[in-house]
Amino acid sequence: MYENDPSNSNLNYLLGVCYTEEPVLTDKSVFHLEKALKDVTKDYDPSAIIERRSPIFVHYYLVIAYSQNCLCWEARQAKNNFHALYGMEKNDYYVEDAQRWLKKCYPDCALRQGNKQKQDS
């Protein structure tokens, strides 16, 4: 499907979400989720087979994807965008989880960088 319609925001969103859930970290999640940003809507219909737009949750998954790829500044921006669209007052799983990912971004990436330097020497 993606090969036939690479500009479909919904397909890019779904692929990006899948890549964030993979056990092996990859920048493919960032690639697809950023492509999905071009057509975000609050009126997303996950049950419509012809849906081409992406939901506001693309910003939530970008927090995860950016954090996994040590793009902490971008993760902060995605969290702010998500909160602006979704609302912080909900204080539910998504709001709390986005904050958790952002909080661990810097320490996790510093640890990974330290391990990489040890391996290189």
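Helix axes here are lines fitted to C-alpha atoms over the stretch in contact, and angles run from 0 to 180 degrees between N-to-C directions. Keep that in mind as you look around this predicted model.

**Stop one: H1 and H3.** Select helix H1 (residues 9–21) and helix H3 (57–68). Their axes lie 10 Å apart and the two pack at an angle of about 40 degrees, which makes H1 oblique to H3. The crossing is left-handed. Now show side chains: from H1, pick Tyr-13, Val-17, Thr-20 and Glu-21; from H3, pick Phe-57, Val-58, Tyr-61, Ile-64, Ala-65 and Gln-68. By class, this contact has seven nonpolar residues, two polar and one charged.

**Stop two: H1 and H2.** On the H1 side, look for residues including Tyr-13, Leu-15 and Val-17; they belong to a contact with H2 whose members include His-32, Leu-33 and Ala-36. Six nonpolar, six polar and two charged residues make up the contact of H1 with H2.

**Stop three: the core.** Next, select Tyr-13, Leu-33, Tyr-60, Tyr-61 and Tyr-66, which touch the most other members of the largest nonpolar core, a set of 22 residues. H1, H2, H3, helix H4 (72–86) and helix H5 (93–120) each give two or more residues to this core, and H3 gives the most, with eight.

Conventions: Residues are numbered from 1 along each chain as its sequence is written. This is a predicted model: local features need pLDDT of at least 70, side-chain atom pairs count only at pLDDT 80 or more; totals for chains, interfaces and linings use all residues. Side-chain values use heavy atoms; hydrogens and water are left out. Helices (H or I, at least four residues) and strands (E, at least two) are DSSP runs, numbered from the N terminus. Contact means heavy atoms within 4.5 Å. Ala, Val, Leu, Ile, Met, Phe, Trp, Tyr, Cys and Pro count as nonpolar, Asp, Glu, Lys and Arg as charged, and the others, Gly among them, as polar. A nonpolar core is a set of buried Ala, Val, Leu, Ile, Met, Phe, Trp, Tyr and Cys residues joined through side-chain atoms within 4.5 Å. Buried means under 20% relative accessible area, exposed over 50%, partly exposed in between (1.4 Å probe, protein chains only). Angles under 35 degrees count as roughly parallel, over 145 as roughly antiparallel, 65 to 115 as roughly perpendicular and the rest as oblique. A crossing is left-handed if the near helix is turned anticlockwise from the far one by less than a right angle, and right-handed if clockwise.
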